[in-house]
Amino acid sequence: MECSHKTYNIYCDESTHLENDGQPYMIYGYVSIPYNEMALAKKQIREIKQKHGYEGELKWTNISDKTFALYNEIVDYFFMTNMKFRAVIVDKSVDTN
């Protein structure tokens with residue numbers, strides 16, 4: 001019997017996870033990519049950022065008229081790859097006690 005498996009890199013992050021931050025929801029999300037595609041993806045994302053003169057971490061809170069073209073190209077690139085995104089949205093107003 002042949003065993004086929006893939007190895008993935010998984011990158012996780014959370015948003016508005018602090019109890020008293022004034023936000024009604026928190027989000028836990030991740031992006032996964034096949035390990036053998038990681039080096040190419042890093043290179044291509046770096047090139048997109050350089051093309052737009054952007055340095056630093058990509059954060060959705062940084063979208064503005066000035067950075068819209070960069071983020072638009074990043075989203076387009078994401079959908080052209082084997083990267084996957086998943087998220088869980090948690091209502092922080094629900095009392096679990």
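Me: Which residues form one aromatic cluster?
Reply: The model is predicted. The structure holds 3 aromatic pairs. The residues that come together in one aromatic cluster are Tyr54, Trp60 and Tyr71.

Me: Is the pair of Trp60 and Tyr71 stacked, edge-to-face or tilted?
Reply: A pair of aromatic rings is described by the distance of the centres and the angle of the planes. For Trp60 and Tyr71 the centres are 5.4 Å apart and the planes stand at 50 degrees. Planes under 30 degrees apart would count as stacked and over 60 as edge-to-face. The pair of Trp60 and Tyr71 is therefore tilted.

Me: How many residues apart in sequence are the parts that the pair of Trp60 and Tyr71 ties together?
Reply: Trp60 belongs to the loop between helix 1 and helix 2, while Tyr71 belongs to helix 2. The pair therefore ties together parts whose separation in sequence is 11 residues.

Me: Is Tyr71 buried or exposed?
Reply: Trp60 has 58% relative accessibility and so counts as exposed. Buried means under 20% relative accessible area. Tyr71 has a relative accessible area of 4%, so Tyr71 is buried.

Me: What kind of pair do the rings of Phe78 and Phe79 make?
Reply: Their centres lie 5.2 Å apart. The planes are at 90 degrees, and over 60 counts as edge-to-face. Phe78 is buried at 18% relative accessible area, whereas Phe79 is exposed at 65%. The kind of pair made by Phe78 and Phe79 is edge-to-face.

Me: Which backbone nitrogen lies 2.9 Å from a polar atom of the side chain of Thr67?
Reply: Thr67 sits in the loop between helix 1 (38–51) and helix 2 (68–79). With a relative accessible area of 11%, Thr67 is buried. Apart from neighbours within four places in sequence, Thr67 is in contact with Tyr54 and Asn62. The backbone nitrogen 2.9 Å from the side-chain polar atom of Thr67 is that of Ser64.

Me: Which class has 19 residues in the lining of the largest pocket?
Reply: The largest pocket has a volume of about 1300 Å³. Of its 30 lining residues, those closest to the centre are Asp13, Val31, Leu58, Lys59 and Trp60. Strand 1 (8–15), strand 2 (25–34), helix 1 and helix 2 each give at least two residues to this lining. With 4 polar and 7 charged residues also present, the class with 19 is nonpolar.

Me: What is the volume of the second largest pocket?
Reply: The second largest pocket is lined by 10 residues, with Glu19, Met26, Asp91, Lys92 and Val94 nearest its centre. By class, its lining has 4 nonpolar, 3 polar and 3 charged residues. The volume of the second largest pocket is about 180 Å³.

Note on methods. Residues numbered from 1 in each chain as written. Predicted model: local features only at pLDDT ≥ 70, side-chain atom pairs only at ≥ 80, totals over all residues. Heavy atoms only, no water. Helix = DSSP H or I, 4+ residues; strand = E, 2+ residues; numbered from the N terminus. Buried < 20%, exposed > 50% of the residue type's maximum accessible area, 1.4 Å probe, protein only. Polar contact = N/O pair within 3.5 Å; in protein donor to acceptor, adjacent residues only side chain to side chain. Contact = heavy atoms within 4.5 Å. 1 Å grid on protein atoms, 1.4 Å probe; cavity = no way out; pocket = protein on both sides within 12 Å on 5 of 7 lines; lining within 4 Å. Points joined across faces, edges and corners; volume = space filled by probe spheres on them. Nonpolar A, V, L, I, M, F, W, Y, C, P; charged D, E, K, R; others polar. Phe/Tyr/Trp six-rings, centres within 6.5 Å; stacked < 30°, edge-to-face > 60°.
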